[in-house]
Amino acid sequence: MSAQSTTAAPPEEPVRTAGPGPDPSPAADRGDARIGLRAHLRHTGALVRRNLLWIRQDPESMMDAVLMPIIFTVLFVFVFGGAISGKGNQDAYVNYVVPGLMAMMGMNIAMGVGTGFNQDFQTGVMDRFRSLPIARSSVLVAKIVVEIGRMMVATAILLAVGFLLGLSISNVPGMFAAIALAMVFGSAIMWIFLTMGVVMKSAQAIQGMGFLVLMPLQFGSSIFAPTKDMPDWLQTFTDYNPLSSLADAARGLFNDAGPVAHDVWVTLIWSVVITAVMAPVAIHKFRTKT
Amino acid sequence: MAAGTLVAMTRIDKNSRATASGSPHAVSVRGLVKHYGETKALDGVDLDVREGTVLGVLGPNGAGKTTLVRCLSTLITPDSGSAVVAGYDVLRQPRQLRRVIGLTGQYASVDEKLSGRENLYLIGRLLDLSRAEARSRAEGLLERFSLTEAAKRPANTYSGGMRRRLDLAASMIGSPEVLYLDEPTTGLDPRTRNEVWAEVKRMVTDGVTVLLTTQYMEEAEQLASELTVIDRGKVIAGGRIDELKAKVGGRTLRIRPADPAELTATAAALDEAGLTGPGNALVDAETATVLVPILSDEQLTAVVGAVSARGIPLAAITTELPSLDEVFLSLTGHKASAPQDPAPALEEAAA
């Protein structure tokens, strides 16, 4: 993805009061206070390009997005598949777990945003960006755009591995709807990790903290196993866990299995609420970081 | 460099530059305060930088130099006080201000994973240059800073000097009116440091106003016309470099006669010629040298003349600048408040 090709004219000329003469600096003539939408998109595009160049420079940084879906799918299907769906019955578990893994991977990739963003701050390039006349949110939005791209790669590989192991999908538009839902929820979670990336001291701290929060959320959900045999108190938790909603919605959408409207709505509402709360916090923290 | 600056706290229209007829200051700072908890990083700093000149801000680690630069480049918000840079109010017009400043230093850096060319192109795009403009500006600056050959390599493969040159190039993309250089040569070897100095001097001849922070008297003397000395967040001295040097004793001339037996004769010759001011020439027997404080190049010439008139053969003459410690000692009567690295070229002076 590359930057927008259009060069927007600067929205407003500053109303400069009688300066002693024409200013020779071209930059000085663009003293616009506000940053228009087109400029915002152009800045975001340039920053997305930066992050894509990183991947080209360091292809190993894509390893997690490529290998995680392969390893997780194979592990869970063969380790838990028999126990949950009965020996030799792994196919059934593939259909159960792959939509769930899609939700889980979104979380892990979102955590990567936070650690990567934190490392950005250690190098000083963030101070350069923050001293440039760009909307500071474009730095964060670019990060999210690139990570959604990585999530899509991981999802494509997950589905490919799933098909090899016997995944069946009867509703293709439903599958795309499920993928889109996972992206929406994943990008909402990214705002949380971006905030942590700005606020917390080190990438290791974010990773440690991230696992502490993500593990209960991921395992205390319907991602890996149906919740009906869990103790009541845990079921209460899993019922309110948005990852359960996302996994259940994805399952329903993949195979037209039962009503999904409730789970889709719950996931969407969680996404909107998390974004509405955390995006301003992340941008504010980024703006005022000292 | 057209717009003048307004020092007073006059109400400023959001989109207009403050102008005041005849005010020659590109940077005006009044009463700037920034506290971090109990620490007063800036404790009421006032300073001015005249357009097209270099102001050196000299101080030890922890004096508040970097906090000052971060306030003036809108990275942090001061607790109180005001600052006008290139006609824009730091607090009220941060976005306009960001268009006309460049920042290079310990902190504002480049993306290490991108190549030199991609770094410059990226910043050009973020400064709203078209693709073609951003590309040609990047090429021009790579050329100017002798980085064309390394343009394709990631910045993390660059040597220290190349990195600083790339930093400088990056801060020049927007053709800034005011450039902040925050300790631009800290950690560089003397040869690389000279390279960076040469680049900074070229920028100044192009008409850029520079605010330079440094721990080294020598660097300030090389680059700056005026100097502000800060310590513990406060300005403790300021003025033209030569005035301050007069205050702190200027340079020290170290003369080594070819024959150590002539040390006393050398010192006597200088005392008699009245070239050692109120005191006497100091004989340093350990290094077999005579030390003479001098304030001007003319005085240096006179000293050499007086010694050769006596027919004393000399083995070496070196000049030494006062170290930051000595500057502080003479300005404040106390040592610099935080430990600092000795300036590479000045280590001998401390002996």
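The views below show a predicted model.

**View 1. Two loop residues of chain B with positive phi.**
Ser175(B) sits in the loop that links α5 (160–172) to β7 of chain B. The phi angle of Ser175(B) is near 45°, a positive value in a residue other than glycine. With 18 other C-beta atoms within 10 Å, Ser175(B) is partly exposed. Arg232(B) belongs to the loop between β9 (226–231) and β10 (234–240) of chain B. Although Arg232(B) is not a glycine, its phi is positive, at about 50°. Arg232(B) has 19 other C-beta atoms within 10 Å and is therefore partly exposed.

**View 2. Strand β8 of chain B and its partner strands.**
Strand β8 (residues 209–214) of chain B has six of its six residues buried, so the rest of the structure largely encloses it. Thr209(B), Leu211(B) and Thr213(B) point one way from the strand, while Val210(B), Leu212(B) and Thr214(B) point the other way; all are buried. Strand β3 (residues 54–58) of chain B runs parallel to β8(B) and is joined to it by five bridges. Within this pair, Val54(B) is placed opposite Val210(B). Strand β7 (residues 178–182) of chain B is also parallel to β8(B), again with five bridges. Here Leu181(B) has Leu212(B) as its bridge partner. Together with helix α6 (residues 190–205) of chain B, β7(B) and β8(B) make a β-α-β unit that is right-handed.

**View 3. The open sheet β2-β1-β4-β5 of chain B.**
Four strands of chain B make up this open sheet, in the order β2-β1-β4-β5 and with antiparallel pairing. At the edges are β2 (39–50) and β5 (88–89) of chain B; each has a single partner strand, so one side of each has no neighbour in the sheet. Helix α1 (residues 65–72) of chain B packs on the sheet and touches β1, β2 and β4 of chain B. The direction of α1(B) makes about 65° with that of β2(B). Strand β1 (residues 25–36) and strand β4 (residues 80–85) of chain B are antiparallel and share five bridges. Val27(B) faces Val85(B) of β4(B) across this pair.

Strands β11 (residues 251–257) and β13 (residues 289–294) of chain B are joined by five bridges in the antiparallel sense. One residue pair in view is Arg254(B) with its bridge partner Leu291(B) in β13(B).

**View 4. Helix α1 of chain A and its surroundings.**
Chain A contains ten helices and zero strands. Helix α1 (residues 37–57) of chain A has 21 residues and spans 30 Å from its first C-alpha to its last, close to the 30 Å expected at 1.5 Å a residue. Buried residues of α1(A) include Arg42(A), His43(A), Leu47(A) and Arg50(A). The buried residues of this helix pack against α5 (137–164) of chain A together with α3 (116–126) of chain B.

An unreviewed UniProt entry lists residues 60–289 of chain A as "domain: ABC transmembrane type-2". Over residues 60–289 the chain is 81% helix and 0% strand, with the end C-alpha atoms 30 Å apart. The stretches that the unreviewed UniProt entry annotates as "transmembrane region" include residues 96–118 and 139–169 of chain A. Residues 96–118 of chain A are 100% helix, and the end C-alpha atoms are 35 Å apart. For residues 139–169 of chain A the helix content is 84%, and the end C-alpha atoms are 37 Å apart.

Note on methods. Residues numbered from 1 in each chain as written. Chains lettered and ligands numbered in written order. Predicted model: local features only at pLDDT ≥ 70, side-chain atom pairs only at ≥ 80, totals over all residues. Pairing = 2+ DSSP bridges. UniProt positions renumbered as here; feature names shortened; annotations may be inferred. Buried ≥ 20, exposed ≤ 12 C-beta atoms within 10 Å, placed from the backbone. Right-handed = clockwise from strand over helix to strand, strands pointing away. Contact = placed C-beta atoms within 7 Å. Axes fitted to C-alpha atoms, helices over the stretch in contact; angles between N-to-C directions. Expected span 1.5 Å × (residues − 1).
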